[in-house]
Amino acid sequence: MPLEIINISKSFNNRQILKNISLSIMDNEFVVFLGPSGCGKTTLLRIIAGLEKPDSGEIRFNDTILSNLEPKDRSIGMVFQNYALYPHLTVYDNIAFPLKVNKLGKKEIDKKVRDIAQFIGLNEYLNHKPKQLSGGQKQRVALGRAISRNPKIFLFDEPLSNLDAKLRSAMRFELYQLHKKLNTTSIYVTHDQVEAMTMGDRIVVINNGEIQQIATPMEIYERPANTYVASFIGNPQINFFEGIYNKNKGFVELNHSSIEFNLNLKNQEKITLGIRPENIILSEDTLDLIYLGNAVIQSIEYLGNESVINFDYDGELKTSLISNKNSFTIGKAYKVYTSKSKILIFDHNDQLIG
């Protein structure tokens, strides 16, 4: 049965943090709550865990209203950003702590702790204390302690944010593999779009306490629901071009070009065209593509196989992602092109329409 989040609202100090949040999370699904700091994603996670109470709405799982249950009775394992380990206890005792609270027998605890330690690759560190461990090892201990409860739902609150980039990449893979092995429902909170795009079966984009879009990583990237999602997902960021729709002629009019589109919009309605950097083509030649205007290159960021080209377009800085097989010169003017099929169209309310 799915985890149902139904019309959850929450305020702190007269500021509304969550506004009627509703969504369903399927069994064994890995769902990522993605958004900037302060958007409400961690508050929503804590409400699911029972660490915060909503002002209104309810959480259901397997036809049970979790909102009526204490955190310890919700069959939830939570992994925190700061690991939340007991510094005076060994790895063994940190993992065993929930089992002792539940008054399991010593032999059963011992077997379970050693099985979990083997599973998370820490069987040689059972007598170590947290201060003797690396960041990645501490994170594994926190995972092991969560696993020991046999939860039906795992909650992860930015668990990798304290790790360096290399270890964070390795732990992303480990966490997702762990999710698959345990075959449980997982909810992962992050502000890091790379974590969201590489780990999530679905992504829930949240901003200002409201859900902006729920979709797969590919759908989020290729068909963002609005300009906020389009700009939040993608590095380098998407380029926006402001235009007017001429309904009589069936053209979107930009400053330097007109593009034929048949849109269900009012005449002279303002719209925004969104084009990902990898779909911007700079050339000295005339190409059989959609011409957007001219640009002067301001800077080039070398990334290895490709480069980020920052160019001035009518006084605004825009970006192209170019293969390093092509050469460009700072200060030189080029023509800007794209493919019609790569253009995203947003209406005057910033909603995707095409």
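Student: In which sense do β3 and β8 pair, and over how many bridges?
Tutor: In the parallel sense, over 5 bridges. At least two bridges are needed for two strands to count as paired, so β3 (residues 30-34) and β8 qualify. Keep in mind that this is a predicted model.

Student: Which residue stands opposite Tyr188 in β8?
Tutor: Val32 does.

Student: How do β7 and β8 pair?
Tutor: Also over 5 bridges, in the parallel sense. Ile153 has Thr185 of β8 as its bridge partner.

Student: What makes strand β8 mostly covered?
Tutor: Count its residues: 6 of 6 are buried. The strand runs over residues 185-190. On one side sit Thr185, Ile187 and Val189. On the other sit Ser186, Tyr188 and Thr190. Both faces are covered.

Student: What is the order of the strands in the open sheet?
Tutor: The order is β6-β7-β8-β3-β9-β10, which gives 6 strands with mixed pairing.

Student: Why are β6 and β10 called edge strands?
Tutor: Each of them pairs on one side only. Take β10, residues 210-215. Strand β9 (residues 202-207) joins β10 through 5 bridges, and the two run antiparallel. Within that pair, Asn207 stands opposite Glu210.

Student: Which strands of the sheet does α4 touch?
Tutor: Helix α4 packs on the sheet and touches β6 and β7 (153-157). The direction of α4 makes about 170 degrees with that of β6.

Student: Which residues touch the most other members of the largest nonpolar core?
Tutor: Val113 and Tyr188, in a core of 42 residues. Leave aside the neighbours of Tyr188 within four places in sequence. Its contacts then include Phe30, Val32, Phe156, Leu175 and Met199. Another core lies apart, with 27 residues, among them Ile17 and Val204.

Student: Which residues form one aromatic cluster?
Tutor: Phe30, Phe154, Phe156, Tyr176 and Tyr188.

Student: How many aromatic pairs does the count come to?
Tutor: It comes to 11. Each pair has ring centres within 6.5 Å.

Student: Why is the pair of Tyr86 and Phe97 called tilted?
Tutor: Check the distance, then the angle. The centres are 4.8 Å apart, within the 6.5 Å limit, so the rings pair. Under 30 degrees would be stacked, and over 60 would be edge-to-face. The planes stand at 45 degrees, so the pair is tilted. Tyr86 is in the loop between β6 (76-79) and α2 (91-101), while Phe97 is in helix α2. They are 11 residues apart.

Student: Are Tyr86 and Phe97 buried, exposed or partly exposed?
Tutor: Tyr86 has a relative accessible area of 31%. Phe97 has a relative accessibility of 33%. Buried needs under 20% and exposed needs over 50%. Both values fall in between, so Tyr86 and Phe97 count as partly exposed.

Student: Why is the pair of Phe241 and Tyr313 called edge-to-face?
Tutor: The planes of the two rings are at 90 degrees, which is over 60, so the pair is edge-to-face. The centres are 5.0 Å apart. Phe241 lies in strand β11 (residues 239-246) and Tyr313 in strand β17 (residues 306-313), so the pair ties together parts 72 residues apart in sequence.

Student: Why does Phe241 count as buried?
Tutor: Its relative accessibility is 2%, under the 20% cut-off, so Phe241 is buried. Tyr313, at 6%, passes by the same rule and is buried.

Student: What lies over the face of Phe241?
Tutor: Lys318, at 4.8 Å from the ring centre. The distance limit is 6 Å, so Lys318 meets it. In another case, the charged end of Arg276 sits over the ring of Tyr221, 4.1 Å from its centre.

Student: Which residues are buried in α2?
Tutor: Val91, Tyr92, Asn94, Ile95, Ala96, Pro98 and Leu99. Their cover includes α3 (106-119) and α4 (135-147). Just after α2, Lys103 takes a positive phi of about 60 degrees.

Student: How many helices and strands does the chain have?
Tutor: There are 8 helices and 20 strands. Of the 354 residues, 47% are buried.

Definitions and conventions: Residues numbered from 1 in each chain as written. Predicted model: local features only at pLDDT ≥ 70, side-chain atom pairs only at ≥ 80, totals over all residues. Heavy atoms only, no water. Phe/Tyr/Trp six-rings, centres within 6.5 Å; stacked < 30°, edge-to-face > 60°. Helix = DSSP H or I, 4+ residues; strand = E, 2+ residues; numbered from the N terminus. Buried < 20%, exposed > 50% of the residue type's maximum accessible area, 1.4 Å probe, protein only. Lys NZ or Arg CZ within 6 Å of the ring centre and 35° of its normal. Core = buried A, V, L, I, M, F, W, Y, C linked by side-chain atoms within 4.5 Å. Contact = heavy atoms within 4.5 Å. Axes fitted to C-alpha atoms, helices over the stretch in contact; angles between N-to-C directions.
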